[in-house]
Amino acid sequence: MRFAVLVFPGSNCDIDCYKAVEQTVGEPVDYVWHTATDLSPYDAILVPGGFSYGDYLRCGAISRFAPVMNEVAKAAEQGKFILGICNGFQILTEAGLLPGALRRNESMKFRCHDSVLKVVNNDTPFTRHYEEGQEIVIPIAHGEGNYYCDEETLQKLRDNKQIVFTYSGNPNGSVGDIAGICNERGNVLGMMPHPERAVNSLLGSEDGKAMFTSIIQTWRDTHGAASVR
Amino acid sequence: MLKAKVYVTIKQSVLDPQGVAVQGALHSMGFQEVESLRIGKYMEVELNTDDRQEAEDRLKVMCEKLLANTVVEDYRYELEG
């Protein structure tokens, strides 16, 4: 299995994502520049945090039109795993790959601290190594993580089990305490908290590790046997 | 050459934390008459065309695709020249 970590001008969590893959699952991983026009070698695509294009206009608004994003849309269509973290989540919503939008935090403050998340749906390719309802500690670091969608969309998210993580103690004003959601198919996930910063107890938590091991497990279940025999 | 003024504002149904904070500041300065305040963006776009209809059609696409995020924002524009 091969991972891609996208790099936009202004990404700053790309190295963390790269190292998290190396250290949690040890699978091949490459940095892929935003101008790339081929993601076919990759099975999972990580859209990292940061301030792509300086957050100009809106967070993720400009990156969403980077050439590589056409390929991300194709990969999503093909059922590949796409994980957007923080700015990556903002980019995926701007691109329409996930519903809703991220607004300024209600407090107007940049919130940078550990947060306790509840795993609402552990039946996704990204969360199967968690228990349903499990509480995990994953840090947040954002000024614009206040998730918004209209009532109708929120109901749809609930009905389809697309709400994957919620905050215990809402840090930013998100509707429904939402910290992370997936698309209907479950192969595209966006979240404001940073699992890649929580993969070693030396970093304060290793609760993010299971996201990476979940992805690899899902991939092996569908590809592993076929490629060995 | 046509000039467009584009105004992007947060939808009425969506909380505008910046607007609320600035409103609070005005209140604390003694401007109690401020009933509500919403912050938006103003953009000036110069268009190298004299065809108003074409300019408007294309401007609409620009707003829908990039200048505004219609999930949380409304936009309006004025064409001049």
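Student: Across which strands does helix H2 of chain B lie?

Tutor: Helix H2 (residues 52–67) of chain B lies across S1, S2 and S3 of chain B, running at about 155° to S3(B). Helices (H or I, at least four residues) and strands (E, at least two) are DSSP runs, numbered from the N terminus. The angle is taken between N-to-C directions, from 0 to 180 degrees, of lines fitted to C-alpha atoms, for helices over the stretch in contact, contact being heavy atoms within 4.5 Å. This is a predicted model, in which local features need pLDDT of at least 70 and side-chain atom pairs count only at pLDDT 80 or more, while totals for chains, interfaces and linings use all residues. Residues are numbered from 1 along each chain as its sequence is written, chains are lettered from A and ligands numbered from 1 in the order written, and side-chain values use heavy atoms, without hydrogens and water.

Student: Why are S2 and S3 of chain B said to stand at the edges?

Tutor: The strand order in this open sheet of 3 strands is S2-S1-S3 (chain B), with antiparallel pairing. S2 and S3 of chain B each have a single partner strand, so one side of each is left without a neighbour in the sheet. On average, neighbouring strands of this sheet are turned by 20° against each other, direction ignored.

Student: Why is the contact of B:Glu73 with B:Lys41 called a salt bridge?

Tutor: The term requires a side-chain nitrogen of Lys or Arg within 4 Å of a carboxyl oxygen of Asp or Glu. The closest N and O atoms of B:Glu73 and B:Lys41 are 3.6 Å apart, so the pair qualifies. B:Glu73 lies in strand S3 (residues 73–80) and B:Lys41 in strand S2 (residues 40–47) of chain B, so the bridge ties together parts 32 residues apart in sequence.

Student: How do you know whether B:Glu73 is buried or exposed?

Tutor: Buried means under 20% relative accessible area, exposed over 50%, partly exposed in between (1.4 Å probe, protein chains only). B:Glu73, at 8%, is therefore buried, whereas B:Lys41, at 29%, is partly exposed. Salt bridges that share partners join B:Lys41 and B:Glu73 with A:Arg58 and A:Glu94 into one network.

Conventions
Pairing = 2+ DSSP bridges.
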